[in-house]
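Subject: Handover of a structure and notes on its features

Dear colleague,

Please find below the structure that I am passing on to you. My notes follow it, and I would ask you to read them with the model open beside you.

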Amino acid sequence: MVENMTQKQQMYDIAIIGAGVTGLAAAMYAGRMKLKTVLIGFPPGGTIATTDWIENYPGFISLSGKELADKITAHAMEYDIELVSDTVTEVTRQKNCFVVLTAFSRYPAKTVLFATGTRHRKLPVPGAETFEGKGVQFCGLCDGPLFQDKTVAVVGGGDSAAKEALILAQFAKKVYVLVRGDQLTGEPVNNERVARNAKIVVVPNTGVTRIDGDTSVRKVVLGAPYRGSKELILDAVFVAIGSVPMAELATKLGAARNEKGEILINRRSETNIPGLYAAGDVTDTEFKQAITGVAEGVSAVYHAYQYVTGEFVCTCIDLDYLDCPVASQDLRRAPS
Amino acid sequence: MSQSVVPVIEIPEPIRNTVQKRFAKELVGKVRLVFFSQEMECQFCAQTRELMQQVAGWSDKITLEVRDFVRNKDEAKALGIDKIPALAVLGEKGSRIRFFGVPSGYEFQTLTDAIVFVSSGKTQMPAAAVAELNRVATKPIHIQVLVLPTCPVCPVVASLAVQLALTNENVTTHVVEIAEFPQLATRYHVVGIPRVVINETTQFEGLVPLAEFLRHIQRAVQGSPTGVSATI
């Protein structure tokens, strides 16, 4: 039997939820500010780790998403922070404290930063769920080599769809991009790359209404005919129709959201709940980029630092299961 | 062993420097890389051997031992090696961790993780997860993690499986580069990765956290076959 790391119960200044670039950059700043920090997230690197190349992060002309995440992780780990690879199941608020629960542990904290990002939006058509993992896929970079010389389709019209098509075209013999609108709406540079790629066929003004197959996907039924037929024979469908903010746990705490389900934040990355912050793709920021998420995360940490050091935050009085070495210090700061 | 002309996988210098620093800091006990090839080397055998020679040169705690799959068939059988190229990562007390195919690309990270875990005898599993694994793994568990070198999320799942094998004596983990063993891709109907196959009865695909991985193991132990569930 091997040893394993033990988790000591103690009060953190900040618990950052989400191990993508936003959370990692926030953790790095929190470490620099000497905040007692735990970063909890799964998977390491977050969504960007499944991106083939990043060309719009300042300082790096081109690098893979995994490389960027690894670099920020390494930078963060230069400081005294705790990195936990786990999924958060619940966040509760007790007095002014937060308690972050995971499958295997709990982390009491004075402040919490949600950097939980988004999950893939699923295609709401018959067959999509049945064939998920059997030809309905979400990661071209992961699964593209399995479709060498096959025919595949990407469903979606945004930048993610364009990039997914470009990745898949490295392997597949033909890549259809099924766009609901009349054209791709991704970054112009990627749209141009798609247009130049002889393997990629953009099919505008259509969508998928059904996915059929046997042991795996064999065809899709289109909303509008393409070359006289509503059926398209293919081997896989890669879904890139946007994402859903992972804000459920924040909502349970009472965090305000907009109609898209995104957490509302101000320029200080504060939510409507004192001590609760949010940053990155999970928020209502319109232009969602790695760089904007990182900036929001850093801003959140700065204001969390002010909150923790400048105000009465919380004590461990009601959290008597804790070994809480900072309790007495907090009590001295408590208003009389 | 014949020396065929193959493109050598050169680990980029920044990665090599990072791994060497990690080895210097985290390796504790000796690690034996026991590599299986054969007289007429398989398509990827020479590449894998060259790569292992590089890795073994990065720390004096790592040794490489090259075996012939045919001539050393008894040892291969004892180590659970049934195809090549194959690599057993063994600590002073052995281990139940095997790699099949070239552990290159993103999969190189899983190999370095495995070397560190085996050498240090430590994993990153929380105590509660260890307890849960020991509770559910009441009989032999054979985990196959099917991966590709181009898959950036595969090492996350493969590394979890490696840690499970180090934690409980009933668990054996095989990390398989699926492009080199297309018969397995056909057998398990693989159209997405990482695909995890447990005891031939339970399968899942994509990124799953440790708690969910343990639930799949429990299903396998209970003999509850499952289809493929995908998560990413």
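How are α1(B) and α4(B) oriented to each other, roughly parallel or roughly antiparallel? Please keep in mind throughout that this is a predicted model. In general, a pair of packed helices is described by the angle between their axes and by the distance between those axes. In chain B, helix α1 (residues 13-26) and helix α4 (residues 107-120) pack at an angle of about 10 degrees, and their axes are 10 Å apart. Angles under 35 degrees count as roughly parallel, and α1(B) and α4(B) are therefore roughly parallel to each other. On the side of α1(B), the contact is made by V19(B), R22(B) and E26(B), while α4(B) contributes T112(B), V116(B) and S120(B). By class, the residues of this contact are two nonpolar, two polar and two charged.

Next, the contact between the chains. Chain B gives 34 residues to the contact and chain A gives 33 residues. On the side of chain B that touches chain A, at least two residues come from each of β5 (122-123), α5 (127-136), α6 (154-167) and α8 (210-222). The largest share of that side, four residues, is supplied by α5(B). The side of chain B that touches chain A consists of 24 nonpolar, eight polar and two charged residues.

Chain A itself is divided by the domain assignment into domain 1 (12-120 + 243-333) and domain 2 (136-239). The C-alpha centres of these domains of chain A lie 35 Å apart.

Most residues other than glycine have a negative phi, and most peptide bonds are trans. In chain B, I84(B) and P85(B) are joined by a cis peptide bond with omega of about 0 degrees. P85(B) belongs to the loop between α3 (73-78) and β3 (86-90) of chain B. Another cis peptide bond, with omega of about -5 degrees, joins I193(B) and P194(B), and P194(B) is in the loop between α7 (182-187) and β8 (195-198) of chain B.

In chain A, K34(A) is not a glycine, yet its phi is positive, about 65 degrees. K34(A) lies in the loop between α1 and β3 (37-40) of chain A, and counts as exposed because it has 12 C-beta neighbours inside 10 Å. N205(A), also a residue other than glycine, has a positive phi near 55 degrees. This residue, N205(A), is in the loop between β12 (200-203) and β13 (208-213) of chain A and counts as partly exposed, because it has 13 C-beta neighbours inside 10 Å.

Finally, R67(B) lies in strand β2 (residues 62-68) of chain B. R67(B) counts as buried because it has 21 C-beta neighbours inside 10 Å. Although R67(B) and F35(B) are 32 residues apart in sequence, their C-alpha atoms are 5.9 Å apart in space. Leaving aside residues up to four places away in sequence, R67(B) touches V34(B), F35(B), F36(B), N72(B), E75(B) and A76(B).

Yours sincerely,
A colleague

How values were computed. Residues are numbered from 1 along each chain as its sequence is written. Chains are lettered from A and ligands numbered from 1 in the order in which they are written. This is a predicted model: local features need pLDDT of at least 70, side-chain atom pairs count only at pLDDT 80 or more; totals for chains, interfaces and linings use all residues. Domain bounds come from an automatic or database domain assignment. Two residues are in contact if their C-beta atoms, placed from the backbone, lie within 7 Å. Ala, Val, Leu, Ile, Met, Phe, Trp, Tyr, Cys and Pro count as nonpolar, Asp, Glu, Lys and Arg as charged, and the others, Gly among them, as polar. Axes are lines fitted to C-alpha atoms, for helices over the stretch in contact, and angles run from 0 to 180 degrees between N-to-C directions. Angles under 35 degrees count as roughly parallel, over 145 as roughly antiparallel, 65 to 115 as roughly perpendicular and the rest as oblique. A residue is buried if 20 or more other C-beta atoms lie within 10 Å of its own, exposed if 12 or fewer, and partly exposed in between; C-beta atoms are placed from the backbone.
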